[in-house]
Amino acid sequence: MPTIHEVENALYALAPRELAQSWDNVGLLVGSPVQKVRRVLTALDITAAVVDEAARLGAELIVAHHPVMNCNWHPVQALRDDNPQGQILFRLVKGGIGAICMHTNLDAAKGGVNDALAEAIGLEEVSCVEENGIERVGNLPQTVTLLDFLARVQEGLHPNGIRYVDSGKPICRVAVGGGACGSFFTRAVALGCDALVTADVKYDQFLDAKALGLSLIDAGHFPTEDVVCPVLVRYLEEYFPDLKVYRSEVHREVVQYFPTM
């Protein structure tokens, strides 16, 4: 059986620590490096439900994308059981469950989040954008209408809903950025892209992208990043043949859409 530290090192072989943004917190965030591991649960986020799922499976470790603590948007200054984050951390510690998080380093890594996203929507000739190493650009096998492309995004990512603006142009060259990469739209235009698939797009970004002739598509944060969980399962199973690796069945898209038509 590998130790948590050995699993962490294997994950760094896939997504090196130096690829992480300076503000990010990646690697082993909760648990003992020397703890032996027989079962691992993968999930995009470590929620209370995911921790309970790990306990039911007998998993000693959760491997997630989003950091469970000490990120710039949610700094941990106290550990208390009367707030949601503290409750999750207490559950992990009391249950003897470790937590490894691979975030922006997995966004940028070859074969990571954004390569998985490009593959999910059927892009070919995919290349890394060197500006920050995160976004990818590729081509569809053939030029399609925007509506046909949106159907492709729906089939590949299964979002609960899609927000978008239509540039009025057919779609062939596409940029992708899992999670909140809406600000990439100007670079996507400069790279000759017809569309950008990302999430968490701001209103002004929709307006400006349309004015620049780019179809901007917000397919949701969870759908554009959860595509990496099967990658993690396959990778860890191949790296540690005796390890049982599971993908969370309880963690799903949290955002719902009220149908208006």
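The search of the whole structure finds 6 salt bridges, each being a side-chain nitrogen of Lys or Arg within 4 Å of a carboxyl oxygen of Asp or Glu. This is a predicted model, in which local features need pLDDT of at least 70 and side-chain atom pairs count only at pLDDT 80 or more, whereas totals for chains, interfaces and linings use all residues. Residues are numbered from 1 along each chain as its sequence is written, and side-chain values use heavy atoms, with hydrogens and water left out.

One of the salt bridges joins the side chains of R38 and E60, at 3.0 Å from N to O. This pair links distant parts of the chain, 22 residues apart: R38 lies in the loop between β1 (27-30) and β2 (39-43), and E60 in the loop between α2 and β3 (61-64). Helices (H or I, at least four residues) and strands (E, at least two) are DSSP runs, numbered from the N terminus.

I turn to the helices. Helix α2 (residues 48-57) packs against helix α3 (residues 84-95) at an angle of about 10°, with the axes 9 Å apart; axes are lines fitted to C-alpha atoms over the stretch in contact, and angles run from 0 to 180 degrees between N-to-C directions. The two are therefore roughly parallel, a term for angles under 35 degrees. A48, V51 and D52 of α2 meet I88, R91 and L92 of α3, where contact means heavy atoms within 4.5 Å.

How values were computed
Parallel < 35°, antiparallel > 145°, perpendicular 65-115°, else oblique.
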